[in-house]
Amino acid sequence: MNNPQLNQDGQLKHLLSIEGLPKAILKQILDTAESFVGVAEREVKKVPLLRGKTVCNIFFENSTRTRTTFEIAAKRLSADVLNLNVGTSSQAKGESILDTVNNLIAMHADMFVVRHSQSGAAHFIAQHVAPHIHVINAGDGRHSHPTQGLLDVFTIRRYKPDMHNLRVALVGDVLHSRVARSEIHALTTLGVPEIRVIAPKTLLPVQVEKLGVQVYHDMHEGLKGVDVVMMLRLQNERMNGALLPSAQEYFKTYGLTQEKLALAHPDAIVMHPGPMNRGVEIDSAVADGSQSVILPQVTYGIAVRMAVMAILAGSTI
Amino acid sequence: MNLSMPENPSQPENPPTSQTLPDAEILFQQLAEKLKPLISADTALVGIHSGGAWLVERLLPLLGANLPHGILDVSFYRDDFASRGLHKENRPSQIPFAVQGHHILLIDDVFYTGRTIRAAMNELFDYGRPASITLAVLVNRGGRELPIAPQIAALEFPLVSTQNLQLLRHEDGRFYLRLEQEVA
């Protein structure tokens, strides 16, 4: 099968989605990220790997946090970074995505970090660029957000290294999450034996159990004995539709409180991809509590993005 | 003007074979003896992954178990990244002491082109400004490509470029050398 993410030698060339990544590459990214964690703790927080390369963040949709972490990651690799908020520039004047990209290639950009509201946008760009250009998907519609998925898996592995002996629960809006599906895939690939999803029926994709997960609608039942609680962000706009009654009602049933967390394993960690809706999907006491690893997730996100960029830039044509 | 550097072993006429390899354990003891007089209050040991790190591990009890020490993996500083990409098996570098002001004994197993040492020195300086760096190796196999040479080597052992000398470990931790001949 032709995998657009890999070159003919099987090296990672673009990062478009976690699905389709062989286990060896998944592990290579996580292991390399491990080496980058220490770089940020040094006197000089930079390594010279991408010296002389230009990384272009093209964001067709706003996401300050994702853009910032990609920018820091590229800069710590010594790359030059260009940030484009395309929504406010040429696209508004009617330029096509490929014209935007080709103009940047003409300026000798080497790598593109792409965020777009439409599924498949990064994939589309990857298919049309010259072989020496690398593309990273920084989120496309509801489809995929591979570096977020990878940083979550990396965080789990750091706190719970024995992945063959873990119970992980994903709680909340699985239906609209662009990471839930790829995380389930990555965790399964790395040997996690038990993955649960906890959500109301209206926020679960149909036939979700086919992904190999156990489905719970009752949070008290679902959290019993889990080692990792991954809260998913509830997008406020979902509240307006018929999917959910109200934020208060949701918090009562699916919001993570200390009391509900007590049902999980005493050493369980709590994760959230941010930005958090305090008091909707997670209580402040839990978000700021001793079991929360929400801020370490952000720190590790930089190491993971450095690893991805370094591996891509090092792949041969 | 003669630009050749006399202390750099030249290409041997009769390159050694696996049968004539020196005993790595004896070399290790010799290296430890040569290092002992260099240890001062400000000395720190840094081993280059992987052979140099093994050497540091076994040097510590002989030179002073309390010496500050660390490991460097130079994958992020190599000069062949553009052509060979990132080494698949990179490990985190661990320098758990302040490099600033320390006299660093930089330890590697086999000295060859000097490129690894160049990378290691660049990485070390990203941790701080050492008072000095002394390069000590088990074997100097000759063939350097940079103006870098070990100040201390247990053995000068000139090899041709098609030969590859490696330090390995038995299960019980004892060292041995392996010589491989590249097939043309």
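**The B–A interface and its voids**

Colleague: Across the interface of chain B and chain A, how many residue pairs in polar contact does the rule find?

Modeller: A polar contact is an N or O pair within 3.5 Å, within protein one able to donate a hydrogen and the other to accept it, with sequence neighbours counting only through side-chain atoms on both sides. This is a predicted model, where local features need pLDDT of at least 70 and side-chain atom pairs 80 or more, while totals for chains, interfaces and linings use all residues; side-chain values use heavy atoms, without hydrogens or water. Residues count from 1 along each chain as written, and chains are lettered from A and ligands numbered from 1 in written order. With both partners at pLDDT 80 or more, the number of pairs across the interface is seven.

Colleague: Which element of chain B gives the most to the side that touches chain A?

Modeller: Helices here are DSSP H or I runs of at least four residues, and strands are E runs of at least two, numbered from the N terminus. With three residues, the top contributor is helix 3 (residues 81-84) of chain B.

Colleague: Which residue of chain A meets B:Asp126 in a salt bridge?

Modeller: The rule (Lys or Arg side-chain nitrogen within 4 Å of an Asp or Glu carboxyl oxygen) finds two salt bridges across the interface. In one with an N to O distance of 3.5 Å, the side chain of B:Asp126 meets that of A:Arg42.

Colleague: How much space lies in the largest cavity?

Modeller: A search of the whole structure turns up one cavity of 30 Å³ or more. Both chains line the largest cavity, with A:Arg42, A:Ser35, B:Phe76 and B:Tyr127 among the residues. The space inside is about 70 Å³.

Colleague: And which element gives the most to the lining of the largest pocket?

Modeller: That pocket (an open set with protein on both sides within 12 Å along at least five of seven lines) has a volume of about 1200 Å³. Of its 34 lining residues, B:His49, B:Arg78, B:His87, B:Asp109 and B:Thr116 lie nearest the centre. Helix 2 (51-63), strand 3 (103-111) and helix 4 (115-125) of chain B are among the elements that each supply at least two lining residues. With six residues, the one giving the most is chain B's strand 6.

Definitions and conventions
1 Å grid on protein atoms, 1.4 Å probe; cavity = no way out; pocket = protein on both sides within 12 Å on 5 of 7 lines; lining within 4 Å. Points joined across faces, edges and corners; volume = space filled by probe spheres on them.
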